[in-house]
Protein chains: 4
Amino acid sequence: MIHVRVASSIRKTRPVRLSIEPTTNPGDYEFSRDIRVRFVETDAMGIVHHSNYLAYFEEARVAYLAHIGHPFTAWRAEGLESPVLESFVQYRQPSRFDDVLTVHVHLALATRATFQISYLITAPDVRATGVTVHGCTTTEGRPTRLPSWLTELAAREP
Amino acid sequence: MIHVRVASSIRKTRPVRLSIEPTTNPGDYEFSRDIRVRFVETDAMGIVHHSNYLAYFEEARVAYLAHIGHPFTAWRAEGLESPVLESFVQYRQPSRFDDVLTVHVHLALATRATFQISYLITAPDVRATGVTVHGCTTTEGRPTRLPSWLTELAAREP
Amino acid sequence: MIHVRVASSIRKTRPVRLSIEPTTNPGDYEFSRDIRVRFVETDAMGIVHHSNYLAYFEEARVAYLAHIGHPFTAWRAEGLESPVLESFVQYRQPSRFDDVLTVHVHLALATRATFQISYLITAPDVRATGVTVHGCTTTEGRPTRLPSWLTELAAREP
Amino acid sequence: MIHVRVASSIRKTRPVRLSIEPTTNPGDYEFSRDIRVRFVETDAMGIVHHSNYLAYFEEARVAYLAHIGHPFTAWRAEGLESPVLESFVQYRQPSRFDDVLTVHVHLALATRATFQISYLITAPDVRATGVTVHGCTTTEGRPTRLPSWLTELAAREP
């Protein structure tokens with residue numbers, strides 16, 4: 001758990017919602033997707049640029065939602081978007097061109113208005129872990145409740 | 001502050017280093033850089049894709065280091081790299097094509113082996129806040145101590 | 001000029017519209033914009049990845065249109081888009097992290113339905129040249145005529 | 001064929017090497033790879049940003065070279081790089097988030113110092129065609145001859 005104490009003097013600060021710490025055990029994740037590193041994703045240090053891990057998380061998240069029968073294209077067809085409210089990445093070992101990364105996905109927590117997904121990237125050693133926090137809005141950007149299947153799914157955790 | 005409690009049962013988890021929460025007061029930041037949003041940085045939601053904020057942070061960080069007389073190109077010429085170990089972004093309001101974003105930078109904390117930088121993006125309303133944690137390595141990737149000017153600079157804080 | 005001969009046997013091939021060859025003389029271009037290379041834009045060869053030149057062209061094209069009083073945001077507000085139909089880049093010398101590139105822009109040719117822009121990138125040696133061909137569509141993607149100011153502007157050439 | 005006439009007055013212009021026009025017949029290509037469009041690759045027009053097609057070409061080119069037993073990682077291990085000298089893309093129909101694109105690859109032409117690859121993207125309608133021209137350099141960037149297997153392979157064409 002990442003606990004957050006917000007100093008009362010910082011009034012304008014929005015409390016951090018991120019509240020899970022991803023494990024490094026692949027067995028804790030219900031889905032995974034393999035992604036091969038593209039050359040365009042490397043940088044002049046010879047490794048994957050850190051910003052690309054958010055794209056890897058996204059590709060795996062999209063594949064996970066399709067896998068459980070709720071593809072993101074269907075969300076969008078129903079007029080829903082799922083913007084990222086927060087992201088956290090811990091980079092543990094660098095990845096290189098042509099590496100095949102396994103991105104593990106776990107739907108971790110949902111409230112009525114937000115849900116959290118945690119990620120583990122292995123190859124097969126641990127490369128990175130991370131979390132994204134998502135809201136739900138209409139296509140016009142107005143916040144709305146999560147679909148009920150999503151809150152129910154997240155509630156199934158032990 | 002973001003406090004971290006790591007469950008003792010998760011042995012392989014590396015403790016999160018991230019330990020600052022960025023404020024939304026521009027006066028708390030010692031440097032800023034304006035960045036105009038490119039069309040390529042938008043996505044099909046019509047807003048800046050969340051992964052680009054890490055690139056904005058990077059551009060402002062590079063400009064800040066040049067501003068204080070320690071350009072990143074000089075680091076690299078001396079055989080040092082400064083890989084990102086952790087990143088955190090809180091997306092508060094979406095940004096759109098052609099927006100001019102002001103990215104505020106604050107060198108926040110340094111230990112002998114890592115330093116942290118916090119960011120605030122305004123336009124002029126608050127768009128995002130974030131933190132990156134950096135290590136220092138040789139160009140071969142071997143961890144090494146931070147340059148002394150950097151630890152001294154971070155120690156100057158009240 | 002790039003002349004195109006389409007073999008009559010290749011019926012489904014759409015003729016290439018690209019019909020200008022950019023010069024390497026900055027005096028042939030009416031506008032320029034400086035862009036500093038970001039670290040994220042480099043690749044594991046230690047140079048700017050070739051796909052980023054299209055983003056540099058785009059940033060300079062957007063700045064040029066704003067400079068002549070027809071910002072792209074105004075096009076979009078009027079319900080017009082300007083999709084890229086063709087792109088050509090000749091990479092002459094590699095660029096590196098933190099290089100300041102000057103992207104020169106020349107509005108070269110327009111028909112009723114398309115226009116062409118040529119580009120020269122210097123630093124100050126010649127780094128790249130290129131051309132993009134654009135159409136004009138409604139926001140629903142239906143092809144439409146170019147704004148009259150644009151065809152008139154392109155017609156002003158000697 | 002794209003024929004090029006260079007005005008003799010433009011002395012500094014390097015002749016365009018690009019000399020093939022890709023067909024829209026998948027049977028003319030010896031290899032293909034499927035790529036699913038990521039959300040990060042879309043833009044505010046709701047379609048794939050044009051710069052990403054160069055990344056799709058690259059991913060397919062890398063897969064093709066691995067398929068014929070000469071993976072790009074082996075080139076790099078032998079101290080060779082294969083920089084892109086020119087690129088051409090004709091965008092025919094827009095692509096959207098989650099589309100599965102089939103990128104067809106054809107090794108088209110080689111000289112002692114350069115080779116050309118043509119591409120066709122279908123889904124299954126024709127989305128784009130393109131060409132990249134490549135040189136061969138040492139890792140220090142010095143031009144060198146192509147590997148003999150490559151010139152022989154390109155010479156096998158009818």
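A residue counts as buried if 20 or more other C-beta atoms lie within 10 Å of its own, as exposed if 12 or fewer do, and as partly exposed in between. Asp98(D) has 17 C-beta neighbours inside 10 Å, so Asp98(D) is partly exposed. The model is predicted. This briefing covers backbone features in chains A, B, C and D. Most residues other than glycine have a negative phi, and most peptide bonds are trans. The points below list exceptions.

**Positive phi**

- Asp98(D) is not a glycine, yet its phi is positive, near 80°.
- Asp98(D) sits in a loop of chain D. That loop runs between β4 (84-91) and β5 (100-110).
- Asp98(B) also has a positive phi near 80°, again in a residue other than glycine.
- In chain B, the loop between β4 (84-91) and β5 (100-110) holds Asp98(B).
- Is Asp98(B) buried, exposed or partly exposed? Asp98(B) has 16 C-beta neighbours inside 10 Å, so Asp98(B) is partly exposed. The count falls between the cut-offs of 12 and 20.

**Cis peptide bonds**

- In chain A, the peptide bond from Ala123(A) to Pro124(A) is cis. Its omega is near -10°.
- Pro124(A) belongs to the loop between β6 (114-122) and β7 (126-135) of chain A.
- In chain C, Ala123(C) and Pro124(C) are joined by a cis peptide bond. Omega there is about -15°.
- Where is Pro124(C)? Pro124(C) lies in the chain C loop between β6 (114-122) and β7 (126-135).

Notes:
Residues numbered from 1 in each chain as written. Chains lettered and ligands numbered in written order. Predicted model: local features only at pLDDT ≥ 70, side-chain atom pairs only at ≥ 80, totals over all residues. Helix = DSSP H or I, 4+ residues; strand = E, 2+ residues; numbered from the N terminus.
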